Amino acid sequence: MHESLNDKIVLVTGAAGAIGAATARAFRQLGAELFLIDRDEAGVRTLAGDIGAGWLAADVTAAGAGDVIVDACVMGDHNSLALQQVCV
């Protein structure tokens, strides 16, 4: 039995890669709102469009990236940040 992730926001890093994309799709099927991050702008934009997610092209290893990513997620359509991080 799977727990519903309705009203939850899931941040997926590495989202344009095979594992990240599969992870994002699985969370979407469980009802989560998604915010996708990847250095591959074209890839993350395409996936976000396919599954209806927010996205940001960013390198999570860069100094200050965490603040930029959380700010972008919060400033989007997500009013509350019930955040589960998945790093792939």
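Which residue in β2 stands opposite Val10? Leu34 does, and that pair is a handy way into the fold. Before following it, a word on what you're looking at. This is a predicted model, in which local features need pLDDT of at least 70 and side-chain atom pairs count only at pLDDT 80 or more, while totals for chains, interfaces and linings use all residues. Residues are numbered from 1 along each chain as its sequence is written, and side-chain values use heavy atoms, with hydrogens and water left out.

Let's take confidence first. The score here is pLDDT, the predictor's confidence in each residue, from 0 to 100. The protein chain averages 81, and 83% of its residues score at least 70. Helix α1 (residues 18–29) has the highest confidence at 96, and strand β4 (residues 83–87) has the lowest, with a mean of 39. Over residues 77–88 the pLDDT is below 50, although that stretch has 33 contacts in the model beyond near neighbours in sequence. A contact means heavy atoms within 4.5 Å.

Now the layout. The chain has 3 helices and 4 strands, and along the sequence they follow the pattern β-α-β-α-β-α-β. Helices (H or I, at least four residues) and strands (E, at least two) are DSSP runs, numbered from the N terminus. Of the contacts with a separation of 6 or more, 51% come from residues 24 or more positions apart. Buried residues make up 35% of the 88 residues; buried means under 20% relative accessible area, exposed over 50%, and partly exposed in between (1.4 Å probe, protein chains only).

Back to β1, residues 9–13. All of it is buried, 5 residues of 5, so the strand is largely enclosed by the rest of the structure. In a regular strand the side chains alternate between the two faces of the sheet. Here both faces are covered: Ile9, Leu11 and Thr13 are buried on one side, and Val10 and Val12 on the other. Asp7 counts as exposed because its relative accessibility is 72%, and its phi is near 65°, a positive value in a residue other than glycine.

β1 pairs with β2 (residues 33–38) in the parallel sense over 5 bridges; two strands pair if DSSP finds at least two bridges between them. To get from β1 to β2 the chain passes through α1, and this β-α-β crossover is right-handed. That label applies if, with the strands pointing away from the viewer, the path from the first strand over the helix to the second runs clockwise. The next unit repeats the theme: β2, helix α2 (residues 41–51) and β3 (54–57) make a right-handed β-α-β unit. β2 and β3 run parallel and are joined by 4 bridges, with Ala57 in β3 as the bridge partner of Asp38.

What about the helices? The 12 residues of α1 should span 16 Å at 1.5 Å a residue, and its end C-alpha atoms are 17 Å apart, which agrees. The expected span is 1.5 Å times one less than the number of residues. Gly20, Ala21, Thr23, Ala24 and Phe27 are buried in α1. They cover an arc of only 160° around the axis, which puts them on the same side of α1; the arc is that of the directions from the helix axis to the C-beta atoms. Ala18, Ile19 and Gln29 are exposed on the other side.

Arg28 counts as partly exposed because its relative accessibility is 22%. Leaving aside residues up to four places away in sequence, Arg28 touches Glu33, Leu34, Ile51, Gly52 and Ala53. Gln29, in contrast, is exposed, with a relative accessible area of 74%. Just after the helix, Gly31 takes a positive phi of about 100°.

Helix α3 (residues 65–75) has Ala65, Ile69 and Cys73 as its buried residues. Seen down the axis, they fall within an arc of 65°, so they line one face of the helix. An α-helix has 3.6 residues a turn, so residues three or four places apart point the same way. The cover over the buried residues of α3 includes β1, β2 and β3, while the face turned away from that buried side carries the exposed residues Asp67 and Met75.
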